[in-house]
Amino acid sequence: MTTADQDADEVHRILNQINRKDEELIALVSNRPRAKRFKIREAYKTKYKTEIIEDIVNKLSEHYTDTLAPGVELLFEEPALSDVKQLYISLKKAIPNPDPHKVIEIICSRPYTQLKRIKELYFSMYDKKLDDEISSTLDEELQKVLCKFLIVKRSTSMVPDKAACRTKAKEIMDLKPGTWGDGDSALVDTLSTCSSRELILVCRYFHANTGKTLPNAMDEEFSGDLGKYMKEILYVLCCPAEFMATKINNSLLHEKVEYCTAFNIITSREEYDLKLV
């Protein structure tokens with residue numbers, strides 16, 4: 001196993017070859033875990049007094065400039081920092097048309113520890129609280145749901161408590177019309193606190209007792225875009241890998257290929273479920 005210093009030297013050597021092969025560089029960087037890449041970046045800057053990100057982007061061949069350049073920075077920066085930048089663009093730079101889909105993807109797919117770090121970084125970078133930004137930018141009903149994810153700790157249980165899941169399903173069934181999207185409703189509480197496996201079991205019990213899937217019930221309860229957003233939240237919570245794989249596929253099939261979307265997802269999932277994606 002090479003050291004960070006050795007990898008930094010190898011990156012520098014590859015970048016300064018006359019007949020450089022970008023594939024060598026891609027293979028080296030992409031085969032190092034995130035923590036190792038951070039150390040390589042530090043070692044490179046210490047040795048060569050320049051940023052490894054800038055050197056790689058500036059020296060990529062024309063063939064790779066448009067395709068790989070967007071992903072280079074993501075490979076060498078903290079995941080939460082990337083999330084914060086994307087959230088800011090989606091919430092503030094996109095005004096008057098914010099992007100709820102990107103906010104849903106990040107808020108609903110990141111573990112509690114990363115959400116906590118995201119909140120800290122957002123405030124330090126933009127002097128604004130993330131929950132305040134969400135509340136002032138997105139639709140009232142949607143922001144109530146998403147803000148709940150920022151204040152509660154989601155379960156990570158891989159072995160659901162069947163009795164508890166039955167109870168949660170019944171609590172959702174007993175909700176009165178017009179109250180499903182309330183910040184303290186049984187539905188929002190279940191979405192924001194259950195692990196993927198627990199939520200899947202809740203959905204099964206709901207279907208067994210009502211004859212309806214939870215997404216179908218959401219269609220009946222919510223109108224307009226809110227229904228779509230709630231089903232999207234349920235999808236990313238229950239099947240995060242499938243959700244991310246679908247987004248990557250859609251980004252690559254887009255008329256103008258959205259490489260940034262693919263790179264964002266790949267780098268954000270590498271420590272969780274990238275193999276499954």
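Figure 1. Asp83 is buried, with a relative accessible area of 1%, where buried means under 20% relative accessible area, exposed over 50% and partly exposed in between (1.4 Å probe, protein chains only). In this predicted model, local features need pLDDT of at least 70 and side-chain atom pairs count only at pLDDT 80 or more, whereas totals for chains, interfaces and linings use all residues. Residues are numbered from 1 along each chain as its sequence is written, and side-chain values use heavy atoms, with hydrogens and water left out. Arg110 forms a salt bridge (a side-chain nitrogen of Lys or Arg within 4 Å of a carboxyl oxygen of Asp or Glu) with Asp83, and the closest N and O atoms are 2.8 Å apart. Because Arg110 lies in the loop between helix H7 (100-109) and helix H8 (112-126) while Asp83 belongs to helix H6, the pair ties together parts that are 27 residues apart in sequence; helices (H or I, at least four residues) are DSSP runs, numbered from the N terminus. Arg110 also counts as buried, at 3% relative accessibility.

**Figure 2. The salt bridge between Glu73 and Lys85.** The side chains of these residues, Glu73 and Lys85, meet at 2.9 Å, N to O. The pair links distant parts of the chain, with Glu73 in helix H5 (residues 62-76) and Lys85 in helix H6 (residues 79-93), 12 residues apart. Glu73 is partly exposed, with a relative accessible area of 36%, and Lys85 is likewise partly exposed, at 27%.

Figure 3. Glu120 counts as partly exposed at 43% relative accessibility, as does Arg117 at 33%. Elsewhere, Arg34, Arg37, Glu270 and Glu271 are linked in a network of salt bridges, and the structure holds 24 salt bridges.

**Figure 4. Leu187 in the largest nonpolar core.** This core, a set of buried Ala, Val, Leu, Ile, Met, Phe, Trp, Tyr and Cys residues joined through side-chain atoms within 4.5 Å, has 55 residues, and those with the most contacts inside it are Ile134, Leu146, Leu187 and Ile233. Helix H15 (residues 224-238) gives the most to this core, with eight residues. Leaving aside neighbours within four places in sequence, Leu187 is in contact (heavy atoms within 4.5 Å) with Ile172, Leu175, Trp180, Leu214, Met218, Phe222 and Met230. A second, separate core of 21 residues includes Val11, Leu28, Leu68 and Val72.

Notes
Helices (H or I, at least four residues) and strands (E, at least two) are DSSP runs, numbered from the N terminus.
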